[in-house]
Amino acid sequence: MAKGKVEVIKENETGRNILFQNMGNHEIMTLGQFVNRIENKNSVYSENYYVRLQNGIKTPVSKPNNIKYDNLEKRK
């Protein structure tokens, strides 16, 4: 499994991703925790994800590339 691979495990009623899980170590993170880790340029998360403002809320987003394994998707 890719280092720092994250899946969405919970959305709120509007569809915003609010709970995430690192698939390597199974750590569960809130939206705020995940955003903080992405913003830390020394973290493994900053390699595959970035943060953008969406409706005034910091939102984790997968970095564009042609690799599907690091896409931020909801667990099925």
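The legends below describe a predicted model.

**Figure 1. Overview of the elements of the predicted protein.** The secondary structure comprises 2 helices and 5 strands. Read from the N terminus, these elements follow the order β-β-β-α-α-β-β. The protein has 76 residues, of which 34% count as buried. The protein exposes about 5,000 Å², and carbon and sulfur atoms supply 49% of that area.

**Figure 2. Confidence of the prediction along the protein.** The average pLDDT of the protein is 87, and 84% of the residues score at least 70. Which elements have the lowest and the highest mean pLDDT? Helix 2 has the lowest mean among the elements, at 88, whereas strand 3 has the highest, at 97.

**Figure 3. The buried face of helix 1.** Helix 1 spans residues 31-39, and its buried residues are L31, F34, V35 and I38. Why do these buried residues line one face of the helix? Seen down the axis of helix 1, they fall within an arc of 100 degrees, so they line one face.

**Figure 4. Aromatic pairs around F34.** The count of aromatic pairs comes to 3. In one of them, F20 and F34 form a tilted pair, with 4.8 Å centre to centre and 45 degrees between the planes. F20 belongs to strand 2 and F34 to helix 1, so this pair ties together parts that are 14 residues apart in sequence. Residues under 20% relative accessible area are termed buried. F20, at 0% relative accessibility, therefore counts as buried, and F34, at 0% relative accessibility, counts as buried as well. F34 also forms an edge-to-face pair with Y49, at 5.5 Å centre to centre and with 70 degrees between the planes. This second pair links distant parts of the chain, with F34 in helix 1 and Y49 in strand 4, 15 residues apart. Y49 is buried, as is F34. Which residues do the ring pairs link into a cluster? The cluster consists of F20, F34, Y45 and Y49.

**Figure 5. The hairpin of strand 1 and strand 2.** Strand 1 and strand 2 run antiparallel and are joined by 5 bridges. Within this pairing, V6 stands opposite N22 of strand 2. The hairpin has 5 residues between the strands, and G15 adopts a positive phi near 95 degrees.

**Figure 6. The hairpin of strand 2 and strand 3.** Strand 2 also pairs with strand 3, in the antiparallel sense, over 3 bridges. Which residue of strand 3 does F20 stand opposite? F20 stands opposite M29 in that strand. As for the turn, 5 residues lie between strand 2 and strand 3, and H26 in this turn has a positive phi of about 65 degrees. In a regular strand, side chains alternate between the two faces of the sheet.

Methods. Residues are numbered from 1 along each chain as its sequence is written. This is a predicted model: local features need pLDDT of at least 70, side-chain atom pairs count only at pLDDT 80 or more; totals for chains, interfaces and linings use all residues. Side-chain values use heavy atoms; hydrogens and water are left out. Buried means under 20% relative accessible area, exposed over 50%, partly exposed in between (1.4 Å probe, protein chains only). Helices (H or I, at least four residues) and strands (E, at least two) are DSSP runs, numbered from the N terminus. The arc is that of the directions from the helix axis to the C-beta atoms. Accessible areas come from the Shrake-Rupley method with a 1.4 Å probe; for residues, only the protein chains shown count as cover. pLDDT is the predictor's confidence in each residue, from 0 to 100. Rings of Phe, Tyr and Trp (its six-membered ring) pair if their centres lie within 6.5 Å; planes under 30 degrees apart count as stacked, over 60 as edge-to-face and the rest as tilted. Two strands pair if DSSP finds at least two bridges between them.
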